[in-house]
Amino acid sequence: MRTRIISGAVGVLLLSAVLYFHETIVLPIAVAAIIAIMLFELLRAVKMEKCIPVLLASEICGIAMPFIYNGYYYPIVYTHNYDEATGNIVTMPDSVDIRGEVTLIAFAVTLLCAFVIFITWLKKHKEIRYEQVFFVLAVMVLVPNAMTTMVRIERMSGLFYLVMGLCGAWIADTGAYFSGVALGKHKLCPEISPKKTIEGLVGGILTTAIVYAVAFSIYEGGFELKTAIIAFVTGAVCAVIGTVGDLSASMVKRQIGFKDYGKIMPGHGGLMDRFDSVLFVLPTFYVFLNIMNLF
């Protein structure tokens, strides 16, 4: 327990440092590092980490995404306009929409890396099975795009929304744990995650929903029923999605025969063990922010 607490405290300090410098290149660098480690852990799970071309292709694709999307939202440029009233040249900030170009670059990088993986499979078809190839392709697309929403949320809406996106996963875990310990009697998925209970799930959903409602009300400068209801629903949805992500990662581990994806965080396992629910929650939260335009 002591090792777990110390490891968790170090993780919180590192995350706090990254969030402190969230407006700089530190954020995409940190996200890229997290993606690289998560991809290595997942490739190791299917015994593909020693296949160098596949490992390099997936890692390059993963590391590139945070930097590609770092300037996704209307980067600032400057234009020079003539002011007829004063006769002076005035420098004005302007913006350029490059979202289409950024998406095309991301697609091209993913396609190129996938092409390298398929070529490697053709050369080593007697050693590599199709299940391994398609697992690698799936995580190469899912993990970078899901984790890169950290950068996209921060650049689009700011630090508060990024923190709330992360909290959508981690508050649910905490609420579910304490609710399960206090009230848990009915197992949720005993063959996949024996410690999870239905009572814990309900507790995690309610905890996240209430925290979201309170946090967004405070952030918006006062209680408004519409904001509170939307935030409550968003928190509840994120908690459910996070549980699905957690159970999905646990199911992969059980079918492979792993206890943890890695040992980078003593007492906690690997980064996949810490960010499994985040993989599902962040994109969901991003949808609420961007497409539905709720806040």
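Begin by selecting Lys 196, a residue of strand 4. Helices (H or I, at least four residues) and strands (E, at least two) are DSSP runs, numbered from the N terminus. The model is predicted: local features need pLDDT of at least 70, side-chain atom pairs count only at pLDDT 80 or more, and totals for chains, interfaces and linings use all residues. Residues are numbered from 1 along each chain as its sequence is written, and side-chain values use heavy atoms, with hydrogens and water left out.

**First stop: Lys 196 and its surroundings**

With Lys 196 still selected, display the residues around it. Leaving aside neighbours within four places in sequence, Lys 196 is in contact (heavy atoms within 4.5 Å) with His 186, Lys 187, Leu 188, Cys 189, Asp 246 and Leu 247.

Next, turn to Asp 246. Lys 196 and Asp 246 form a salt bridge, with the closest N and O atoms 2.8 Å apart; the term denotes a side-chain nitrogen of Lys or Arg within 4 Å of a carboxyl oxygen of Asp or Glu. Because Lys 196 lies in strand 4 (residues 193–197) and Asp 246 in helix 9 (residues 225–256), this pair ties together parts that are 50 residues apart in sequence. Asp 246 counts as buried, at 13% relative accessibility. Here buried means under 20% relative accessible area, exposed over 50%, and partly exposed in between (1.4 Å probe, protein chains only).

**Second stop: the other salt bridges**

The structure holds three salt bridges. Select Arg 129 and Glu 131, which form one of them, the closest N and O atoms being 3.0 Å apart. Glu 131 has a relative accessible area of 38% and is partly exposed.

Move on to Glu 154 and Arg 155, whose side chains meet in a salt bridge at 2.3 Å, N to O. Glu 154 counts as buried, at 7% relative accessibility, whereas Arg 155, at 23%, counts as partly exposed.

Select residues 130–147, which make up helix 5, and residues 149–157, which make up helix 6; the two pack at an angle of about 25°, with their axes 4 Å apart. The axes are lines fitted to C-alpha atoms, for helices over the stretch in contact, and angles run from 0 to 180 degrees between N-to-C directions. Helix 5 and helix 6 are therefore roughly parallel to each other, a description that applies to angles under 35 degrees.

Highlight the residues that make the contact: Asn 145, Ala 146 and Met 147 of helix 5, together with Thr 149, Met 150 and Val 151 of helix 6. By class, this contact has four nonpolar, two polar and no charged residues. Ala, Val, Leu, Ile, Met, Phe, Trp, Tyr, Cys and Pro count as nonpolar, Asp, Glu, Lys and Arg as charged, and the others, Gly among them, as polar.

Now select Ala 215 in helix 8 (residues 198–219). Ala 215 counts as buried, at 18% relative accessibility. Apart from neighbours within four places in sequence, Ala 215 is in contact with Phe 160 and Met 164. Ala 228 is 13 residues from Ala 215 in sequence and 9.0 Å away in space, C-alpha to C-alpha.

**Final view: the whole protein**

Finally, display the entire model. The protein has eleven helices and four strands. Of its 295 residues, 43% count as buried.

Notes
Angles under 35 degrees count as roughly parallel, over 145 as roughly antiparallel, 65 to 115 as roughly perpendicular and the rest as oblique.
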